[in-house]
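Hi,

Here is the structure I promised to pass on to you. Have a look at it first, and then read my notes below.

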Amino acid sequence: MKPSIYKLLSALTLSLSALPCMVSPASAMTMLRSNDTLILFGKIEASDLQRFHRNLSGGPVKHVVLTESPGGDMGAAYGISHLITQRKINTAVRGSCYSACAIIFMAGIERQMLAGKDLARTSLGFHGPHNKETLEISVEAIPKLKEWLLNATQGKFPEELLDRALFIKQANDMMFFYYPGANASKGNIRFCNAGSLENPRKCNNIEGHDILSVGILTTPELLQVESLEPPTSDSQNR
């Protein structure tokens with residue numbers, strides 16, 4: 001008997017719960033499949049594009065669920081995004097999904113957050129691309145990412161807000177988006193400079209926008225984990 005998606009997600013979340021916010025797993029992404037749902041967890045490496053493609057060969061995928069990822073290789077993220085868009089797959093997020101992970105999320109035809117007790121800490125983080133070795137900002141790569149996000153949100157992402165997220169001064173500067181009202185202590189949108197993630201007072205709350213108005217989520221409806229579960233034998237026999 002395969003473990004439920006809820007148990008898989010809980011186990012993955014617990015494995016990083018004791019780590020600092022931006023610490024990343026040492027290895028490539030963990031990819032777990034249950035029926036027509038594919039769960040992606042952890043840091044994105046270049047080899048993950050090929051692994052993701054192999055996972056798609058196992059049959060149709062309706063949802064890709066992203067959880068606890070600090071980002072990683074941009075080339076792999078764009079490649080995975082292309083496959084998600086090409087196959088009209090929906091995306092959902094639970095926990096943290098930053099940088100290259102957020103690019104993958106934005107490829108979903110429908111994009112939602114998962115309902116549950118983790119909603120208050122679930123967030124998507126966007127920032128400018130940078131060299132992962134030197135941490136130097138890749139200014140020449142910003143126009144491509146900006147165009148990608150504007151297209152994905154159908155132009156809803158205000159350019160002044162997008163420019164603030166992308167034209168960063170340090171590699172770990174980032175703009176975070178939370179579900180409206182889920183985490184009142186942090187606000188709906190925060191811009192945090194590198195080194196300030198553990199101190200909300202050093203982050204700036206962004207007013208006048210939210211994750212829905214800028215087009216990051218396609219619907220305010222939260223995705224229920226139960227709806228991702230494969231049908232039981234009892235339900236199939238009804």
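One definition before the findings: a crossing of two helices is called right-handed if the near helix is turned clockwise from the far one by less than a right angle, and left-handed if anticlockwise. Please also keep in mind that this is a predicted model.

Now to the helix pair. By the definition above, α2 and α3 cross in a right-handed way. Helix α2 covers residues 48-56 and helix α3 covers residues 74-86; their axes come within 8 Å and cross at roughly 20°. Angles under 35 degrees count as roughly parallel, so α2 is roughly parallel to α3.

Which residues meet in this pair? From α2 there are Asp48, Leu49, Phe52, His53 and Leu56, and from α3 there are Ala76, Gly79, Ile80, Leu83 and Ile84. Sorted by type, the residues of this contact are seven nonpolar, two polar and one charged.

Searching the whole structure for cavities of 30 Å³ or more turns up one, and the volume of the largest cavity is about 50 Å³. Its lining is made up of Met74, Ser99, Ala100, Ile103, Phe126, His127, Gly128, Pro129, Leu145, Leu149 and Leu166. Two or more lining residues come from each of α4 (100-105) and α5 (142-152).

Best wishes

How values were computed:
Residues numbered from 1 in each chain as written. Predicted model: local features only at pLDDT ≥ 70, side-chain atom pairs only at ≥ 80, totals over all residues. Heavy atoms only, no water. 1 Å grid on protein atoms, 1.4 Å probe; cavity = no way out; pocket = protein on both sides within 12 Å on 5 of 7 lines; lining within 4 Å. Points joined across faces, edges and corners; volume = space filled by probe spheres on them. Helix = DSSP H or I, 4+ residues; strand = E, 2+ residues; numbered from the N terminus. Axes fitted to C-alpha atoms, helices over the stretch in contact; angles between N-to-C directions. Parallel < 35°, antiparallel > 145°, perpendicular 65-115°, else oblique. Contact = heavy atoms within 4.5 Å. Nonpolar A, V, L, I, M, F, W, Y, C, P; charged D, E, K, R; others polar.
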